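Me: I've just opened a new structure and I'd like to learn how to read it. Could you walk me through a few features?

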Amino acid sequence: MTVWNPNLYQDQHSFVWKYGSDLLPLLNPQPGERILDVGCGTGQLTASIAEAGAIVTGMDSSAEMVAKAAINYPAIPFLVGDIRNWRSNQRFDAVFSNAVLHWVKDADAAAASIAASLRPGGRFVAEFGGFGNTRLLLEKGGLQNPWYYPGISEYAGVLERNGLETRQAFLIDRPTRLEDPQFGLRNWMAMFGKQWKLDQPALMELEEKLRPHLFYDGHWHIDYRRIRIVAVKW
C-alpha cells in the first residue's frame with residue numbers, strides 16, 4: 001500500500017487540485033445536495049464544494065491525507081475508505097473524483113461502488129489520467145506503467161456495465177509544469193513514483209534520460225493527458 005506524504009502533496013503538487021477546480025462547474029454543486037468526494041487528498045476541492053452549500057463528505061484511501069484534510073477543514077467530515085469496496089447506507093446526489101481513478105486498476109469495482117453510492121439519477125463527475133497519459137515519462141524513462149489509463153470508449157463501457165450512463169466525455173492534453181524548477185521531477189517521483197523504488201543514482205540517470213523531452217522553459221513538465229467524465233446513474 002502506498003504511504004502518501006500530505007505535506008509534499010500540498011507544498012509541491014498544488015497543481016493537482018488547482019486544475020481540478022475546472023471540474024466544479026461540471027459538478028455544479030447545489031445547496032443541500034449530498035456529495036461524496038472520492039480521493040479527496042488534503043481537502044481543497046472538498047472545501048470548494050462545501051462553499052457552494054452542498055453537504056460534502058471527503059474520502060481517501062490514505063489515512064495520512066485524511067488526517068491532513070481534517071486539520072485543514074475541521075468543519076467537513078473526512079473518512080478513510082477504498083472505493084473498490086466501499087459501501088454506505090446513505091445515497092448521494094453526486095460523486096466527484098479528481099486525479100484518483102488512474103490509481104484504481106479494478107475499474108469495474110470502483111464503478112460499482114460509485115453507482116451503489118448514488119441515488120437514481122445521481123451524477124458522477126470525474127477526471128483522471130487517460131489514454132496516453134505520461135507516455136513520454138514511461139517510454140523515454142524506461143519505466144513500466146503501474147496505472148490505469150483508459151480511452152473514452154473503454155471507460156464508457158466500464159460505467160455502462162455498472163449502471164452509469166456517460167453523458168459527456170473528453171480526452172484532454174495537459175502538459176503540466178512542476179513547481180520546483182530544479183528538483184520538480186524528483187519531487188514528482190517522490191510523490192507519485194515510489195513504486196519504482198529508484199535510489200538517488202537511478203533518479204539522476206532518469207533525469208538525464210528525460211531532460212530532452214520533459215525539461216523546457218526552465219522547468220520540468222509531465223506529459224499529462226486527462227479523461228474527463230460526466231455520467232448519470234440509471
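Me: Let's begin with helix packing. At what angle do helix 9 and helix 10 pack, and how far apart are their axes?

Reply: Keep in mind that this is a predicted model. In general, two packed helices are described by the angle between their axes and the distance between the axes. Here, helix 9 (residues 184-192) packs against helix 10 (residues 200-214) at about 125°, and the axes are 10 Å apart. Angles over 145 degrees would count as roughly antiparallel and 65 to 115 as roughly perpendicular, so helix 9 and helix 10 are oblique to each other. The crossing of helix 9 past helix 10 is right-handed.

Me: Which residues in helix 9 and helix 10 meet?

Reply: From helix 9 come Leu185, Arg186 and Met189; from helix 10 come Gln200, Leu203, Met204, Leu206, Glu207 and Leu210. Sorted by type, the residues of this contact are 6 nonpolar, 1 polar and 2 charged.

Me: How many residues of helix 9 are buried?

Reply: 8 of its 9 residues are buried, so helix 9 is largely enclosed by the rest of the structure. Those buried in helix 9 are Gly184, Leu185, Arg186, Asn187, Trp188, Met189, Met191 and Phe192.

Me: And which residues of helix 4 are buried?

Reply: In helix 4 (residues 44-51), you'll find Gln44, Leu45, Thr46, Ala47 and Ile49 buried. Just after helix 4, look for Gly53, with a positive phi of about 100°.

Me: Now for the core. Which residues of the largest nonpolar core touch the most other members?

Reply: The general idea is that in soluble globular proteins, nonpolar side chains tend to be buried together. In this case the largest nonpolar core has 26 residues, and Ile83, Leu101, Ile114, Phe124, Tyr155, Leu159 and Leu164 touch the most other members. At least two core residues each come from strand 1 (34-38), strand 4 (92-98), helix 6 (107-117), strand 5, helix 8 (152-161) and strand 8 (219-233). Helix 6 gives the largest share, 5 residues. Another core, of 20 residues, lies apart from this one, with Leu178, Trp196, Trp220 and Ile222 among its members.

Me: What is Leu101 in contact with, leaving aside neighbours within four places in sequence?

Reply: Leu101 contacts Ile83, Ala110, Ile114, Phe124, Ala126, Phe128, Tyr148 and Tyr155.

Notes: Residues are numbered from 1 along each chain as its sequence is written. This is a predicted model: local features need pLDDT of at least 70, side-chain atom pairs count only at pLDDT 80 or more; totals for chains, interfaces and linings use all residues. Side-chain values use heavy atoms; hydrogens and water are left out. Axes are lines fitted to C-alpha atoms, for helices over the stretch in contact, and angles run from 0 to 180 degrees between N-to-C directions. Helices (H or I, at least four residues) and strands (E, at least two) are DSSP runs, numbered from the N terminus. Angles under 35 degrees count as roughly parallel, over 145 as roughly antiparallel, 65 to 115 as roughly perpendicular and the rest as oblique. A crossing is left-handed if the near helix is turned anticlockwise from the far one by less than a right angle, and right-handed if clockwise. Contact means heavy atoms within 4.5 Å. Ala, Val, Leu, Ile, Met, Phe, Trp, Tyr, Cys and Pro count as nonpolar, Asp, Glu, Lys and Arg as charged, and the others, Gly among them, as polar. A nonpolar core is a set of buried Ala, Val, Leu, Ile, Met, Phe, Trp, Tyr and Cys residues joined through side-chain atoms within 4.5 Å. Buried means under 20% relative accessible area, exposed over 50%, partly exposed in between (1.4 Å probe, protein chains only).
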